[in-house]
Amino acid sequence: MSEESPLIAGIEAGGTKYVCAVAKNPSEILLETRFPTRNPEETLQEAVAFFHKAKEKYGNFHAMGIGTFGPADIDPRSPDYGQILTTPKEGWSGFNIVNFLREELKHPGPVVFETDVNAAAVGEAEFGAGKHFRNICYITIGTGIGGGFLSEEQPLHGRMHPEIGHMVMPDLDHEFGKGTNVCPFHSSCLEGRASGPAIEARWGTPGGELPEDHPAWELQAKYLALAAINLTSTWSPDLIILGGGVSQKSGLVDRVRKEFEELSGGYWALPPLDRYIQTPGLDQQAGIVGALTLAQLLL
Ligand code: ZN
């Protein structure tokens, strides 16, 4: 990308933190800020203040990419495009992020509104572990669990968008004498069983403080391997990337590969599992780099 490339703006609009950035090349961020997600007005006003500051330094941006937490209306044909749908997060249900930003920033140009996980998948595909692959699944395991998909290099939507955090899981807790599920909607789903809060609720200690040889990780690997099996059988990706804070636990991804191998029964002719199930190449930057990449694609 030459220095003449137009300025682009990106927002990783996560449920716990917001990241805002401007760049000319998505992998070379010029200015960035991150702050906790609060109510919509406060959060978005902080984003607006950042882009005003960026404008003073670098001029107007030409396109904006937003990767948001869900559920969200990401269908460009919908009259509610840009809106957060029904969520337990206070104040956000029905709030239209795109309209708010367009108005406050006086930006009539192109804006793309995607899920944060699809944006992360785009970032990984362009600059991270997903280079040279066309069908990528990016799963983030943290406060919640979400999955982004690139199908033939395009973000995959459905009627709405996939929410793999709520795929049904068998109860493996009982094998460990436990019964923890933190999803208020489902009796046994992936997020309810395997998110960061589930680990902490089950063992009484945050995952980050549990030693590598704690049984928590055996159970965690089993749930994540089941998710990977379900995705392999229903969608057949080239690559599954395990991101988010929980996946960073040393040794966990290796355990997932082992469990996956056992569960798969040798049925699929897959690449070696250390290639098929990977950690992100961009670490925590996948979401914001992906949002900037989506903006660049609009130019
Ligand atoms: Zn659920």
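Donors are N, O and S atoms within 2.8 Å of the metal, or 3.2 Å for Na, K and Ca; water is not among the atoms, so sites may look incomplete. With that in hand, the donors of the zinc ion follow the spacing H-x16-C-x2-H-x2-C along the chain.

Some ground rules. This is a predicted model, in which local features need pLDDT of at least 70 and side-chain atom pairs count only at pLDDT 80 or more, while totals for chains, interfaces and linings use all residues. Residues are numbered from 1 along each chain as its sequence is written, and side-chain values use heavy atoms, with hydrogens and water left out.

Back to the zinc ion. Its protein donors are His166 through ND1, Cys183 through SG, His186 through ND1 and Cys189 through SG, at 2.1 to 2.4 Å. The 4 donor atoms subtend angles of 100 to 122° around the zinc ion, so the arrangement is tetrahedral (for four donors, all angles between 85 and 135 degrees). For reference, the ideal angle for four tetrahedral donors is 109.5 degrees.

Cys183 is buried because its relative accessibility is 8%. His186, at 33%, is partly exposed.

Next, the overall layout. The protein is divided into domain 1 (8-118 + 285-296) and domain 2 (131-280), with bounds from an automatic or database domain assignment. Their C-alpha centres lie 27 Å apart. Domain 1 gives 11 residues to the contact and domain 2 gives 13, where contact means heavy atoms within 4.5 Å.

Now the nonpolar cores, meaning sets of buried Ala, Val, Leu, Ile, Met, Phe, Trp, Tyr and Cys residues joined through side-chain atoms within 4.5 Å. The largest has 58 residues, and Ile11, Phe51, Met64, Ile66, Ile97 and Leu101 have the most contacts inside it. Both domain 1 and domain 2 give residues to this core, so it lies between them. A second, separate core has 37 residues, including Cys137, Ala194, Phe260 and Leu273.

Thr43 is buried because its relative accessibility is 0%. A polar atom of its side chain lies 2.6 Å from the backbone oxygen of Asn39. Leaving out residues up to four places away in sequence, Thr43 touches Tyr18, Phe35, Thr37, Arg38 and Trp92.

Technical notes
Four donors count as tetrahedral if all angles lie between 85 and 135 degrees; four count as square planar and six as octahedral if opposite donors are over 155 degrees apart and all others between 65 and 115; anything else is irregular. Buried means under 20% relative accessible area, exposed over 50%, partly exposed in between (1.4 Å probe, protein chains only). A polar contact is a pair of N or O atoms within 3.5 Å; within protein, one must be able to donate a hydrogen and the other to accept it, and residues adjacent in sequence count only if both atoms are side-chain atoms.
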